[in-house]
Amino acid sequence: MFSAELLTRLAQELDQSQKSRQQIEHFSKRFPDMTVEDGYRVSREWVRMQTAAGRKVIGHKIGLTSRAMQIASQIDEPDYGTLLDSMLYTCTEGQVLDIPFGNFIAPRVEVELAFVLKAPLAGPGLPGGKEVTLDDVLAATEYVTPAIEIIDARIEQFDRHTKAMRKVYDTISDNAANAGIVVGARRAAPASLDLPWCGAVLRQNGAVEETGLAAGVQGHPAIGVAWLANKLAPWGESLQPGQLVLAGSFTRPVAARPGDLFEADYGPLGALRFRMKA
């Protein structure tokens, strides 16, 4: 297990990488005995540093929800990270929102659904907690809304020397690669939607790059939210009312370039349009 001193040092490296827009080398290469738990401890320390600097936690994200991504990452479950208010971008219906490309290092765009909670979800071992189920998530959700996640990499994806791909421990340390969230389309009560069949078309500069259904997220997007509530419990953490939870991408990540115009069309749930402003 990483020492408190090492956790602080690695979190500081991530913080500096975000500020300088210069990627750092794999933690897993420098520390071959690194574990998943070490990764989550580094991520939590980095989040602690950011909240100490004035940022606020607004929710959580779930990543690596597809089986193909789990196999590629050599794990058998998703990962998760923390959402901060500095990551949030809100557009309005019909608006094209300008998002500065310079806020990121190597941004990629993913299509998701977000659950906004009206009641807490506490997993086993917490006061009032229990094994959280899909039905519990639906009952605790105020509304579901389209969301774009902008993922990024403070830790380089491929090692600059060996070209080896980073390990899941690196991605987890890097707050599960989260960097931005775009919201602002329509809101709907979960009971009014057939959630697995909610879909979207992602266009980049007018060309269709990806299409997908929310069923691609473990069969039902609420499954991941229940999994997250149960995974947070051993850390003494729970999902709280008002928090936003990104349930996981149902498209592959699409690399963004300066000037790119993106449109995610969710049909009856509206659309999200934004430009990566150079």
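Ile148 has Val182 as its bridge partner in β7. That link belongs to the antiparallel pairing of strand β6 (residues 141-151) with β7, made over four bridges. The model shown here is predicted. Its protein chain holds seven helices and 13 strands. The radius of gyration is 18 Å, close to the 19 Å that the globule rule gives for 278 residues, so the chain is as compact as a globular protein of that length.

- Strand β7 covers residues 178-183, and six of its six residues are buried.
- It is therefore largely enclosed by the rest of the structure.
- β7 also pairs with β3; the two run parallel and are joined by three bridges.
- In that pairing, Thr90 stands opposite Val183 of β7.

- Asp85 sits in the loop that links β2 (79-84) to β3 (88-90).
- Its relative accessible area is 33%, so Asp85 counts as partly exposed.
- Leaving aside residues up to four places away in sequence, Asp85 touches Arg55, Lys56 and Ile58.
- Asp85 and Ala200 are 115 residues apart along the chain, and their C-alpha atoms are separated by 25 Å.

- β8 and strand β12 (residues 261-265) run antiparallel, joined by four bridges.
- Arg203 has Glu263 of β12 as its bridge partner.
- β12 also pairs with strand β13 (residues 271-277), again in the antiparallel sense, over five bridges.
- Asp265 stands opposite Ala271 of β13.
- β12 and β13 form a hairpin, with five residues between the two strands.
- Gly267 lies in the turn of this hairpin and has a positive phi of about 65°.

- Asn205 is not a glycine, yet its phi is positive, at about 55°.
- Asn205 is found in the loop between β8 (199-204) and β9 (207-213).
- With a relative accessible area of 41%, Asn205 is partly exposed.
- Gln218 is another residue other than glycine with a positive phi, near 60°.
- Gln218 has its place in the loop between β9 and α7 (221-232).
- Gln218 counts as partly exposed, at 31% relative accessibility.

**The chain as a whole**

- The C-alpha trace spans about 50 × 50 × 35 Å along its principal axes.
- Buried residues make up 53% of the 278 residues.
- Among contacts with a separation of 6 or more, 77% come from residues 24 or more positions apart.
- The chain exposes about 12000 Å², and carbon and sulfur atoms supply 53% of that area.
- There are 29 positive and 33 negative side chains.
- The centres of these two charge sets lie 4 Å apart.

**Points to locate first**

- For the enclosed strand, go to β7 at residues 178-183, where six of six residues are buried.
- For the hairpin, follow β12 and β13 and look for Gly267 in the turn.
- For the loop between β9 and α7, look for Gln218.
- For the loop between β2 and β3, look for Asp85.

Conventions
Residues numbered from 1 in each chain as written. Predicted model: local features only at pLDDT ≥ 70, side-chain atom pairs only at ≥ 80, totals over all residues. Heavy atoms only, no water. Buried < 20%, exposed > 50% of the residue type's maximum accessible area, 1.4 Å probe, protein only. Pairing = 2+ DSSP bridges. Rg over C-alpha atoms; globule rule 2.2 N^0.38 Å. Contact = heavy atoms within 4.5 Å. Areas by Shrake-Rupley, 256 points an atom, 1.4 Å probe, with all protein chains shown as cover. Lys, Arg positive; Asp, Glu negative; His and termini not counted. Charge placed at Lys NZ, Arg CZ, Asp CG, Glu CD.
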